[in-house]
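Please read the report below alongside the sequence and the 3D view. It begins with a single residue and then turns to the sheet and its helices.

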Amino acid sequence: MTATHARRRANLAALLPAHEADAILVTGGVNVRYLTGLASSNAAVLVRADATATLATDSRYIGAARRACADIEVVEESDVAGALLPGSGRTGIEADHMSVAGYFRLGGEALRLSGVVESVRTVKDDAELDLIRTACEITDRAFAEVLPELRPGLTEKEVARALERRMIELGADGLAFDSIVASGPNGAIPHHSPADRPLERGDLVTMDFGALYRGYHADMTRTVAIGEPAGWQRELYDLVQASQRAGVLAARAGAALHEVDAAARDLIGEAGYGEFFKHGLGHGVGLQIHEAPFLSPRKPEDRRGRPEDHPGEPADSPQQERSSREPERDHGHARLEDRVPVTVEPGVYLPGRGGVRIEDTLVVRDGGPELLTRTTKELLVL
């Protein structure tokens, strides 16, 4: 994929003049992988305004680097950032990824840039979309094949392990994130960790999970009923299903992010459940499970300098450390664009009773959304 990575570096280089930078020192691991193909815990790449580049990594990864990056200069050095700091010119650093100590170790004079590589990553190329499609196909198949196993007495942990095991068997390289299985009253907790609670008749069970395939993530949520649902459960499900459908239809190229969120959120608010839907409608998906853009009720002027909320986090709460599920900043993206994968995942959570969330990963297209997770969203009664 050297030609693909070269094209990505050229796209990044084209943005540097607008930032009055002669080069950018990229130290974020995901961004290094995006630009070079090298997955490493210690690597940096210097991309210059003429699209030439130099990659630095240590002895553990130098062999892989030389194989993956045959078209650019590769240097072996443990201090990867220091090795690439040029002697002249205005060099930008990734302020979102470099530590304060690292910044001052470079002299404390570099140009601080935010979200430049992420802005390039938002619109996916064909190779990326194919990998996300495969991750979503694995996720869909795993759900379909585990569904017949669901029955009263099976614990949340057992359901989660069954889904995870099946995704691996179907070709996933790993999990996109820690799976969520929330049954009965636990369904009112958006990011509930699977517990030893057994499924019971009368439960709604929410399952949020996804496959990781060659670095790219899938994200899907389905809620099912164990035994015939009560009237309030069907009513809640139908509401969330209608909200999710409205959000999917609104996710078109050119749509403002907050307007897509409103298309789904307003239905829930009008039904009297607005206070029970407290997270954003969705997020971008790619090399990270949460990346720009973020579908949120906030307008662009309200987003500046703040991390975006993602599904499962209250709209105004402090963000929790969540490893790969930690959201990035929304870097100024105010509208959806063609070829951008996002999730649409409204939910309603009733404390002490249960909840419903329905989620698809889709690709925004000029002519309408391309659904990547296709398992039925009708209420399945098991």
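## A residue in a helix

V80 lies in helix α4, which covers residues 80-84; helices (H or I, at least four residues) and strands (E, at least two) are DSSP runs, numbered from the N terminus. The model is predicted, so local features need pLDDT of at least 70 and side-chain atom pairs count only at pLDDT 80 or more, while totals for chains, interfaces and linings use all residues. Residues are numbered from 1 along each chain as its sequence is written, and side-chain values use heavy atoms, with hydrogens and water left out.

Is V80 buried or exposed? V80 counts as buried because its relative accessibility is 8%, where buried means under 20% relative accessible area, exposed over 50% and partly exposed in between (1.4 Å probe, protein chains only). Not counting residues up to four places away in sequence, V80 touches N42, A43, A44, A56 and T57, contact meaning heavy atoms within 4.5 Å. The C-alpha atoms of V80 and V45 are separated by 8.3 Å, although these residues are 35 apart along the chain.

## The sheet

V45 is also the bridge partner, in β2, of V26. Strands β1 (residues 23-26) and β2 (residues 43-48) pair in the antiparallel sense over 4 bridges; two strands pair if DSSP finds at least two bridges between them.

In the order β4-β3-β2-β1-β5-β6, 6 strands form an open sheet with mixed pairing. Its edge strands, each pairing on one side only, are β4 (73-76) and β6 (111-113).
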